[in-house]
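Subject: Structure handover, with notes

Dear colleague,

Here is the structure I promised to pass on to you. Please open it alongside these notes, and read them with the sequence at hand.

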Amino acid sequence: MKQTILVTGGTGFIGSHTTVELQQAGYNVVIIDNLSNSKIEVLDGIEKITGIRPAFEKVDLLDKEATENVFKKYPDISGVIHFAASKAVGESVQKPLLYYRNNIGSLVNLLELMTKYDVKGIIFSSSCTVYGQPKPENLPVTEDAPHQKATSPYGNTKEINEQIIYDYVKSGANIKSVILRYFNPIGAHPSALIGELPNGVPANLIPYVTQTAIGIRKQLTIFGNDYDTPDGTCIRDYIYVVDLAKAHVAAMEHALNSSNGDIEYFNIGTGHGNSTLEIVETFEKATGVKLNWKYGPRRAGDIEKIWGDCSKANRELGWKADTSLDDVLRSAWKWQLKLREDGVM
């Protein structure tokens, strides 16, 4: 019998790709999303790719009664993948209480309901932001690397939520928890039927690159070219969103096949870093499209360089990110072209 997985934030960027991979791996999926940062039409893309339309409930996780009704309606939920969260770093600095209320309250409600309805496994969407700017001797960062003080309320909610899960599991809650700390998700499904759709001006590099390439943005600015890196620009570990989605499927299988409530941590990335300049140059090479870009001053809060040691996930989850950067950037461009074709942007 197919197991049912509840995916919160399942119409979002990573959630939609994970839903596709779960369905293709034979799971039933129930999506909870309040559509505050995504569109209902994403379900059409998921259905076109997989041939299956996932069950969908428009619910705000802060509404505990409405969330509980989902657990009542789908009594065979075996596990939860929790993506739903407010996620813009800049906005979190401007509206910290909104972020603490949304990101922490939603998790607390979920954990209480999981115990009440005997749901055994949770995969939590965490972030490499918990490591801050690692010291040079801690690169690439392992799961045991020291945590640095968060530079934003958003980053702090990831740290706090990890601690909440840890404390709850250690209190005796029979929940198997897998915390995935991922690096920088980019790209789009190769079908170009789902992808990243930021509201307004993108805060992330790749949507800004593709929007500049197609003429929505006049010019891309690379913030800072005097960092202590080979070409002076910041370095990040960019992971293909489809590879990342597959990591969630592997993590859920791992959690559901575990006999005891416990907590494990995995870095999810490629294991190496690319600089901002490399991304720009690789995009131009992979797509044949020239970008209008310039250097600008450093941006406050930007980390100089970080990439992950992902050998634990490779070894224990049997998962590896193996899509080339050229292919990933081509997928992002194909998605941007599809958005233009569809009149979205």
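Predicted model: local features only at pLDDT ≥ 70, side-chain atom pairs only at ≥ 80, totals over all residues.

Residues are numbered from 1 along each chain as its sequence is written, and side-chain values use heavy atoms, with hydrogens and water left out.

**The whole protein**

Along its principal axes, the C-alpha trace spans about 55 × 45 × 40 Å. Of the 345 residues, 54% count as buried, where buried means under 20% relative accessible area, exposed means over 50% and partly exposed lies in between, with a 1.4 Å probe and protein chains only. The accessible surface comes to about 14900 Å², and 49% of this belongs to carbon and sulfur atoms (areas by the Shrake-Rupley method with a 1.4 Å probe; for residues, only the protein chains shown count as cover). Among contacts with a separation of 6 or more, 80% are made by residues 24 or more positions apart, a contact being heavy atoms within 4.5 Å.

**The sheet and the helices across it**

The secondary structure comes to eleven helices and 13 strands, which are DSSP runs numbered from the N terminus (helices H or I, at least four residues; strands E, at least two). Seven of the strands form an open sheet with parallel pairing, in the order β3-β2-β1-β4-β5-β6-β11, where two strands pair if DSSP finds at least two bridges between them. At the edges are β3 (55–58) and β11 (263–268), each of which pairs on one side only. From one strand to the next, the twist averages 20° (axes are lines fitted to C-alpha atoms, for helices over the stretch in contact, and angles run from 0 to 180 degrees between N-to-C directions).

Strand β1 is largely enclosed by the rest of the structure, because five of its five residues are buried. Thr4, Leu6 and Thr8 point one way from β1, whereas Ile5 and Val7 point the other way. Five bridges pair β1 with β2 (residues 28–33) in the parallel sense, and Ile5 has Val29 as its bridge partner in β2. Strands β4 (residues 77–82) and β5 (residues 121–127) also run parallel, joined by four bridges, and here Gly79 has Gly121 of β5 as its bridge partner.

Helix α5 (residues 96–116) lies across β1 (4–8), β4 and β5, and runs at about 165° to β4. Helix α8 (residues 241–256) lies across β1, β4, β5, β6 (176–182) and β11, at about 160° to β6.

**Four residues to look at**

- Asn109 lies in helix α5 and counts as buried at 11% relative accessibility. Leaving aside neighbours within four places in sequence, Asn109 is in contact with Leu61, Leu62 and Lys64.
- Ser275 is in strand β12 (residues 274–275) and is buried, with 2% relative accessibility. Beyond four places in sequence, Ser275 touches Asp231, Thr233, Cys234 and Ile235. The side chains of Ser275 and Thr233 are joined by a polar contact of 3.5 Å (a pair of N or O atoms within 3.5 Å; within protein, one must be able to donate a hydrogen and the other to accept it, and residues adjacent in sequence count only if both atoms are side-chain atoms).
- Lys312 is in helix α10 (residues 311–316) and, not counting residues up to four places away, touches Glu143, Tyr265, Phe266 and Leu317. A polar atom of the Lys312 side chain lies 2.9 Å from the backbone oxygen of Tyr265.
- Pro207 is in helix α7 (residues 205–214) and is buried, with a relative accessible area of 7%. Pro207 touches Glu196, Pro198, Pro202 and Gln336, again not counting residues up to four places away in sequence.

With best wishes
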